[in-house]
Structures are given as C-alpha cells and as structure tokens.
Amino acid sequence: MCGIVGYCGKEPAAPIILEGLKCLEYRGYDSAGIASICDGEMLVKKDAGKIDEVERKQGIGCLPGNIAIGHTRWATHGAVTQANAHPHSDCHGRLAVVHNGIIENYQQLRQELIDRGHHFTSETDSEVIPHLIAEKMEGDSYSLEKAVLAVMPRLEGSYAFVTLAIDDPGKIVGARKNNPLVVGSGSHGNYIGSDALAFARHTRKAISLGDNEVVVMTPDKAEFFDAAGNAFSKQPRELDENWANNCKDGYEHFTLKEIMEQPCAIDRAALQDGKKFNSIALDILRAGQVVFTACGTSRYAALVGRYLFSRVGKKFSEVANASEFGYFVDSIDKNTVVIAVSQSGETADVIEGVWAARDVGAKIVSIINRPNSMLEELSHHTIYLKCGPEVGVAATKTFLSQVAVFYLLSFSLVNAFDEAVEHLGDMSGKVAEAIECNNSNLINLAQKLKDKNDFYYLGRGINFSIATEGALKLKEVAYVHAEGMPAGELKHGTLALIEQGTPVVVVCPDDYTYGETLSNAMEAKSRRAYIIGVSDRESDIFDFWVEVPRVDELLYPMVTIVPLQLLAYHMALARGYNPDKPRNLAKSVTVK
Ligand code: F6R
C-alpha cells in the first residue's frame, strides 16, 4: 500500500518519477505528489486524486531538477486530502519524505515534537519522520543518512521511506523495515521504488534493501549501510524481461489484458524446475501437517491446492485465512510445512504469520509472483508464478498461475511432475477456447443483470473454490454483493435470501459433483432464482449456459474461472466502473 519512487541522475527527475508512480498506482491511488530540489530550493506539489488528475491539477511531472521523490497514497491515517498527501516536510520545508507503512507510535512522537515547538500540517503518522530527521540535521549537524540512522530506532511499526534535503543536496536516502524498497542502477542515474516495476523501463539491475538497512543514492552510486552505519556491498539481480512490460497492449483495461493473457500464463507457470518441486514434495509428504496461509484470491487458489493435495497426493492439508493464522500458531511446530501463497509477496497478514511459524521452526514454502519480495526472504523454498506484472487490482492471471503451480505440486507428491507438465501443455488452448466462446455472450448477460444487487455462487469439491473466487471478482470490480459457498450449504440458511430473479451462478462441470450440485441449484430454481450454469454439460435447470471446454476433472478450475472473471469485468463496465482501480482497494496490502 502506497508506492514510493525516487531518482537522482542526469535526466530531469520529475517525469521519471511520474512515470514510475503510474506503474505503482496499483499500490494506492487516493492522492499523489512529488518533491524535487532545484537551484537549492525544495519544490513540492501534491494533491488528492488519482495520479492523472493530480498531474492535470498540479503539473507534478513538470517540477524542475535532477533529483526527486514521489508517492502514490492509499490512506490509512488521515482523510484523502491535499494536506495528507505525501511528500511531507519539516517545519521549514528543507527536507521531504515519502513513506509507505504505519508508524505505530506516531501519536507519542508527534506530541513530543509539538512540545519541542514543531508544527504539523497533516493528520498522517508519516509526518513525524521529516520532523525527527530535521531535528537531527539542525541540532546535531548530522548528514542526511546519519540523521536517518539516528531516527530509525525511534520508529515503531513498519516503514519504507525515502528522503531528500536541501541541506545535504545531491542524494536520496532510503530506509526500510517490513516494507519493500528496491534500488535500481542505470547508466543515467539511480532509482529507488517500492517495486522494481517503478524503474524497470530504465534498468533491470535491481537490489532489494533489507530490513533496517539504509541506502544512500547519488547520481553515480548507491551505497548500503546497516543499522549501525557500517557500509557493506550488495549485488544487483537481473529482472526478468517480462517484468518490464506494464503496458495495456491495446486493451481498454489491464484487467481485460490480464484475463486475455491467461493462456500464456499457464505455459509460463509450467516452466518450473522438476527437481525443486520433487524436493518440496518430499518436505510436504514428510510433514506432520501442511497449512496454506493466504488472503483473498490467493486463499481461494489455496483451496484448489488443498483439494489437489488430497485427491492426487492423499495428503490432508488445511487452508488458513492469513489474518487469522497467527492465532493458531500454538499448534505449529517444526513438523509443519507452511505454504504461503501471495501474488505480491508482501501482504502484511501473510508475512506476520510466516514470521511466527518460522520462529517455531516450521518449514516455509512460498508461492509468489512479484520478484524481490519480503516473503521470499523468509522462505526456505520459493516458487515463482512467472506470469509478469499484474497491474489490475483484481487478481486474474495470478490466480490461474497459482492453480497451475498447485497442479504441478500435487503431481510431484506422487512423483509425476513430468506428467503434470504434459497435461498443462494442453490447457492454454482450452483456456483460450473458454474466453472465445463466452466473451460476447457475457457482455449481454452483464447488461441483463447489471441492476441486480445480490449474486450467489455455488460449487462442490474443487469447484467450491471457483465459486468463492468468482464471487470475490464480482464484489471487487462491479461493487455487487456476492457470496460464494459450497453448494450443499445453501439450504442451511442462505436459501432464505433467494427470491424471484436472484442470480445464482452454479459452477458444475461434468465431474462427479455434477448431479448433487444440480440438486442444490434446483433448490434455488424452485424459489425462482435465475440459474447461470458454468459447465461443459447443459441442463434444463440453466436459464443461461456458460459453456466451458471439456477437460480432465482436476483441470476444470482453469476453464471455469475465466468466464466468471469476464462476467465480473463486463458487469463493472455495464455499471459504469473502472475495473482496474476498484474503490477503497489496493493491490498490495502491507498493513494488518
Ligand atoms: C483479489 C485480490 C486480493 C488479493 C489479496 C492477497 O482480486 O487481489 O484479494 O488476492 O489481497 O494478495 P496477495 O496475493 O498479494 O497476498
């Protein structure tokens, strides 16, 4: 949540920052701002609104200077106002800071600073940082980096921040604790960002800052220091070429582009190292217990994983909601394998649970999309989805890639990794078929249903996870109340809500759950629900048939989820919303 970018070098900095902020808008889009230094003057422009609006109103991309920092905000402390937008400054406007995270003891720090004569202009927790740094620079004549190092121990909570100051010009200093910060070095200068995506067009050489480390960036070099101020060196990692492409490629929205990329995403997810999968499979088989921890879409993918582990590998596992996982750590031990599933690799709820599990000796396997993440640092094994950046806030192609990875992992439990790769080889064509057959029909369906307020999604077994994920997509992008549930649960309460015309989406491919799921659908139909069947086999019960290609039972999730993503997308458009940037949401949820 919140995106940070910084640049110092030979080029005009603000346009680079603006472009970087646009790449990080997935992290928050309430407000934005840039600070630059030019001719010894600190220039700050910021406002509430999405980046394009702020650019139109304030011209943030036109600030002069070759050194600048910028921020795109997802509000935590303080309303969405110009005053609360970053960058924040000290009392005299001599330094600027952009921050991602939460300073938990900010009230105490703020009071102390006010007592010492400081004036605050925002309601944010972040604003204490520039005031604290300024005190050290003014009172103790510290350099910017020395002041940052002195302030870090005073900050409780989590942070990634970068700062620049007119009293120590020509450098950007960045620091991190439990929030990501990546440094990029290029031939025209040095870059820093919450995600390498912010500068991937300029350089693919990226270095992740570690917790309690500080970077001092000048146009020519980036130097790293530990919390005690000792310098050390870090080697850059080359970013995957795929990671640099974050254009819409002619699609109206990233969400649609990413849905359409799914045939290719399956092929990429299948490019895994069989030996590594076999070694993880051994750990899983030997473990006394296996627990998935994840949030949102990643948790629904984990439900598919749990099913596949049981059905293919005969290994029982449990899926924990990551924000609740920490409360069960008493029963985690060194015989536990924790599988942390997170597209971003930085979801605070996931990270916190993983820390707790590591502390008691559990083995951590993570399944991640974004490179250089904190979750990777905490894991014994990491599997990458390899599907490139997902910019739309609603997860689409990463869900499918997670499902593909679970398919490979479950077959590895029975020593059949190669067989699984072969099966996945046919799936990109099937997924493409699921898109082609349904896209235009779903536009019509969305038009028909756009004014409905409640949807219910049903499925059994492996299809239950698809029901829940389908419902989540509709909620997120079209702002329609939707519930996904095991089909058998309907009669235990929710049936009371079904009335004439209520849309009920029934995920019922022609597997061994088909008959029973249809009986549950019939219970809704008898109360005059409007039944949308997602299946390769037609039924009289369906009022609308979303036909999917016939595939093996264990691969159905890959073809059934795609039309549900498209339905949510078209519903968003039919209701007049931008599916790429759902209100109140951010893609990386780095607060608890
Ligand atoms: C849904 C969505 C969220 C994320 C959740 C976990 O479309 O995007 O529900 O799935 O916030 O995020 P990651 O996977 O990054 O841990």
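**Loop features, fold and domain interface of a predicted model**

Pro87 is found in the loop that runs between strand 4 (67–73) and strand 5 (88–89), where helices (H or I, at least four residues) and strands (E, at least two) are DSSP runs numbered from the N terminus. The structure is a predicted model, in which local features need pLDDT of at least 70 and side-chain atom pairs count only at pLDDT 80 or more, whereas totals for chains, interfaces and linings use all residues. Residues are numbered from 1 along each chain as its sequence is written, and side-chain values use heavy atoms, with hydrogens and water left out.

The peptide bond that joins His86 and Pro87 is cis, with omega at about 0°.

The chain as a whole has 18 helices and 25 strands. Its radius of gyration, taken over C-alpha atoms, is 25 Å, close to the 25 Å that the globule rule gives for 592 residues, so the chain is as compact as a globular protein of that length; the rule is 2.2 Å times the number of residues to the power 0.38. Along its principal axes, the C-alpha trace spans about 80 × 50 × 45 Å.

The structure holds 33 salt bridges, each defined as a side-chain nitrogen of Lys or Arg within 4 Å of a carboxyl oxygen of Asp or Glu. One of them links Asp52 with Lys22, with the closest N and O atoms 3.5 Å apart. Because Asp52 lies in helix 2 (residues 51–58) and Lys22 in helix 1 (residues 13–23), this pair ties together parts that are 30 residues apart in sequence.

The domain assignment, which is automatic or taken from a database, gives domain 1 (3–244) and domain 2 (250–425), and the centres of these domains, taken over C-alpha atoms, are separated by 32 Å. In all, 18 residues of domain 1 are in contact with 17 residues of domain 2, contact meaning heavy atoms within 4.5 Å. Between them the two domains bury about 1500 Å², 52% of it on carbon and sulfur atoms, the buried area being the accessible area (1.4 Å probe) that two parts lose on being put together, summed over both. On the side of domain 1, Arg237, Asn242 and Trp243 lose the most area to domain 2, together accounting for 36% of what that side buries.

Across the interface of domain 1 and domain 2, four salt bridges are found by the rule. The side chains of Asp195 and Arg370 also meet in a salt bridge, at 3.8 Å from N to O.
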